[in-house]
Amino acid sequence: MIRKSKGSIGLFAVVAFVAALLFPMPVSAEGESYIIATDVTYAPFEFQNEEDEYVGIDIDILEAIAEDQGFEYELRPMNFSAGLQALETNQVDGMIAGMSITPEREEAFDFSEPYFDAGPVVAVQEDNEEIQSYADLEGKTVAVKVGTVGAELAEEINQDYPIEINQFEDSATMYEDVLAGHSDAAIEDYPVMAYAIQQGLALRLSTEPESGSSYGFAVNKEQNPELLEMFNAGLVNIMEDGTYDEIVERYLGESPEAAANNGFFGLLERNFGRLMTGLVRTLILTLVSFAIALLAGTIIGLFSATPSKALNIIADIYVTILRGIPLIVLAFFMYFTVPQLLGIQITAFMAGVITLSLNTTAYVAEQVRGGIAAVEKGQLEAARSLGLPYGVSMRKVVIPQAIKIMIPSLINQFVITLKDTSILSVIGIVELTQTGRIIIARSYQSSSMWIIVGLIYLIIITLLTKLSNLIERRLVKNG
Amino acid sequence: MAKLKTEQLKKSFGDLEVLKGLDLEVKEGEIVVIIGPSGSGKSTFLRCMNLLEEVNGGKVIVDGHDLTDPSQNINNVRENIGMVFQQFNLFPHLSVTDNITLAPKQLKKLSNSEGKELSLKLLKSVGMEDKAEVYPSSLSGGQKQRVAIARALAMDPDIMLFDEPTSALDPEMVGEVLAVMKRLAQEGMTMVVVTHEMGFAREMADRVIFMDGGYIVETGTPEEIFSTPKHERTRDFLDKVL
């Protein structure tokens with residue numbers, strides 16, 4: 001019964017704080033390793049190749065500059081908008097993600113000299129002849145990526161020719177939306193779009209690229225000025241010695257090898273190891289979070305079962321707050337807001353575990369409360385009438401019976417928690433769902449990939465459920 | 001000295017006062033049977049005697065210890081008061097032996113073999129020695145109640161409280177439970193019994209208490225209560241149940 005006097009907000013902070021103490025992240029100092037955010041899927045600027053290495057124009061430029069300038073860095077791929085938040089909240093030191101330098105962004109960040117010129121362009125389905133200009137988009141649906149220059153262009157088009165705008169978190173999903181016919185067109189930076197089409201994506205460019213947009217490397221306002229200086233100096237050097245041209249040629253040259261496209265089983269075979277790694281991460285996230293939630297949930301659940309009004313209220317507040325916050329909001333809060341408030345850095349995995357544990361704890365607590373309430377009142381009375389203290393009576397008589405009642409709903413909660421891990425991909429945890437996204441970004445085979453990912457979830461959940469039912473039957477046998 | 005004594009005992013559920021100041025003294029070895037219509041407060045009265053119900057006024061004194069004194073360790077006193085419930089309240093997740101030995105093992109640190117020995121002795125006394133290892137779900141109602149009595153005896157109490165011990169039983173099983181209670185009475189156990197079994201009251205009670213409306217209406221020997229009741233209400237009640 002620790003911390004029973006603290007409110008749940010306090011518990012929140014304490015958990016986050018303890019987590020930070022247990023798993024400290026080195027904050028970069030001079031000569032140390034910088035943490036650089038990049039997008040998860042933005043070929044040809046950043047994407048995972050078949051060997052699971054992050055490659056692309058951004059990645060190779062960063063690598064060349066780091067080598068030239070002699071600094072170390074650690075790459076942190078996450079969704080573009082999450083990357084912006086991470087940079088703003090000093091979770092990362094810099095960001096290179098095909099990011100256009102815009103006046104708005106310059107208010108929040110300091111940019112390097114531009115390292116690539118690219119403007120947004122409109123793309124439509126290959127056989128779509130109807131859309132040839134912005135004017136043709138009037139009344140159509142246009143897919144854009146959250147927070148990009150393409151999204152800004154869509155807004156501008158909307159001023160002259162009203163359109164419907166669909167917002168997406170990553171490029172691959174945006175392309176799929178057009179291919180599936182939900183959106184009529186997508187707006188994307190020209191080199192990215194051109195590369196994808198070259199790789200076999202069934203879209204075509206329907207307008208000339210806009211000009212005047214340049215990519216830059218960003219640091220948070222007035223943070224890491226030395227990093228920015230090194231980037232600029234290194235950029236000049238690699239442009240002079242020809243490394244820069246080599247890199248661009250590597251990805252946008254005449255004949256990049258086309259993406260292998262050999263069907264469902266080929267896709268599965270080529271990516272099996274990767275998917276299993278994602279699955280293992282999903283399972284670790286689930287098991288760790290669920291174990292914590294079982295412990296904490298039991299304590300909170302017991303709080304609501306005790307005769308103490310104060311403990312009842314603490315439990316009630318905890319459950320009300322944590323059940324009332326969507327998991328995705330809680331994940332952003334844990335990863336961006338809490339570390340900033342406490343002035344610490346935590347890994348996405350830690351934030352993910354904390355998020356999932358806090359959330360699951362609320363549900364487990366409710367099940368514990370319900371389970372205890374379902375045990376007949378006479379059981380506790382009989383135990384107490386024998387002279388057994390309250391704690392012993394609960395432990396030896398009430399809780400064993402409550403557990404049997406709770407098992408089916410706990411199994412159910414375990415399955416929900418396992419599936420909820422997929423939501424944590426938003427803060428950049430490469431679990432099973434995110435693994436699927438990354439593969440799609442490279443292979444442009446989304447329909448097959450989602451079937452594969454869905455089947456893996458289905459199989460693993462079915463197996464785990466069967467296993468749990470077996471355990472349940474064994475436990476309930478003596479009842 | 002009284003083994004168990006209540007002084008001006010009061011109990012309310014919300015605004016409803018169910019016990020309105022009850023005085024009772026039970027002497028060592030005495031068998032007191034409480035009768036009365038449903039809702040008269042007799043079960044609540046019994047449950048106040050080991051403080052399963054919190055009391056709102058008055059005192060409960062057992063062996064000189066005032067249970068209503070907040071500094072009194074209630075668990076120690078309860079070890080000395082066995083209680084048998086209408087619904088048996090056996091622990092369904094424990095075997096018959098484990099039901100009986102749970103409290104002695106926890107509170108007297110009995111070893112496994114000592115526990116087995118104790119459980120067998122108690123089960124023999126209620127005629128259930130062949131059911132030591134089964135779970136309660138496989139027992140009949142009468143068997144369950146006999147095990148519950150054995151469990152209540154496991155801490156070697158001086159006082160036994162019976163809360164309508166035969167009311168949930170099929171009629172053919174009432175006899176076996178009453179037989180066990182009679183033997184206990186003959187062995188000199190101090191007993192307070194709430195029951196509708198007038199036969200048991202007449203045969204075994206040293207004193208019968210008639211309760212109605214939260215008051216003790218009449219107290220006397222079985223002879224006095226059953227043959228020459230003084231109060232109108234007692235007569236009405238007995239006319240209905242006899």
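Guide: Let us begin with a helix and a sheet. In this predicted model, helix α8 (residues 225–240) of chain A lies across β1 (33–38), β6 and β14 of chain A. The helix runs at about 75 degrees to β1(A).

Visitor: In what order do the strands of that open sheet in chain A stand?

Guide: The order of the five strands is β4-β1-β5-β14-β6 (chain A), and their pairing is mixed. At the edges are β4 (72–77) and β6 (109–111) of chain A, each of which pairs on one side only.

Visitor: How do strands β5 and β14 of chain A run where bridges join them?

Guide: Strand β5 (residues 94–95) of chain A and strand β14 (residues 218–220) of chain A run antiparallel and are joined by two bridges. Within this pair, A:Met95 stands opposite A:Ala218 in β14(A).

Visitor: How should I describe two helices that pack together?

Guide: Two numbers describe such a pair: the angle between the helix axes and the distance between them. Consider helix α10 (residues 263–305) and helix α15 (residues 390–420), both of chain A: they pack at an angle of about 140 degrees, and their axes are 11 Å apart. Roughly antiparallel would require an angle over 145 degrees, and α10(A) and α15(A) are therefore oblique to each other. Their crossing is right-handed.

Visitor: Which residues make that contact between α10(A) and α15(A)?

Guide: On the side of α10(A), they include A:Leu283, A:Leu287, A:Phe290 and A:Leu294. On the side of α15(A), they include A:Met394, A:Ile399, A:Leu410 and A:Phe414. By class, the contact of α10(A) with α15(A) has 12 nonpolar residues, four polar ones and no charged ones.

Visitor: At what angle does α10(A) pack with helix α16 of chain A?

Guide: The angle between α10(A) and helix α16 (residues 432–443) of chain A is about 150 degrees, with the axes 8 Å apart. These two helices are therefore roughly antiparallel to each other. α10(A) passes α16(A) in a right-handed crossing. Among the residues in contact are A:Leu267, A:Arg274 and A:Leu279 of α10(A), together with A:Leu432, A:Ile439 and A:Arg442 of α16(A). The contact of α10(A) with α16(A) divides into five nonpolar, five polar and two charged residues.

Visitor: Is the crossing of α11(A) and α13(A) left-handed or right-handed?

Guide: The crossing of α11(A) and α13(A) is left-handed. Helix α11 (residues 309–324) and helix α13 (residues 348–374) of chain A pack at an angle of about 125 degrees, with their axes 9 Å apart. They are therefore oblique to each other. Residues of α11(A) such as A:Tyr318, A:Leu322 and A:Arg323 meet residues of α13(A) that include A:Leu358, A:Tyr363 and A:Glu366. In the contact of α11(A) with α13(A) there are seven nonpolar, two polar and two charged residues.

Visitor: Which strands form the open sheet of six in chain B?

Guide: The order is β6-β7-β8-β3-β9-β10 (chain B), with mixed pairing. Its edge strands are β6 (81–84) and β10 (215–220) of chain B. Inside this sheet, four bridges join the parallel strands β3 (residues 31–35) and β8 (residues 190–194) of chain B, and B:Ile34 stands opposite B:Val194 in β8(B). Helix α5 (residues 141–153) of chain B packs on the sheet, touching β6 and β7 (159–163) of chain B. Helix α9 (residues 232–241) of chain B lies across β3, β9 (207–212) and β10 of chain B, at about 100 degrees to β9(B).

How values were computed:
Residues numbered from 1 in each chain as written. Chains lettered and ligands numbered in written order. Predicted model: local features only at pLDDT ≥ 70, side-chain atom pairs only at ≥ 80, totals over all residues. Heavy atoms only, no water. Axes fitted to C-alpha atoms, helices over the stretch in contact; angles between N-to-C directions. Parallel < 35°, antiparallel > 145°, perpendicular 65-115°, else oblique. Left-handed = near helix turned anticlockwise from the far one by under 90°. Contact = heavy atoms within 4.5 Å. Nonpolar A, V, L, I, M, F, W, Y, C, P; charged D, E, K, R; others polar. Pairing = 2+ DSSP bridges.
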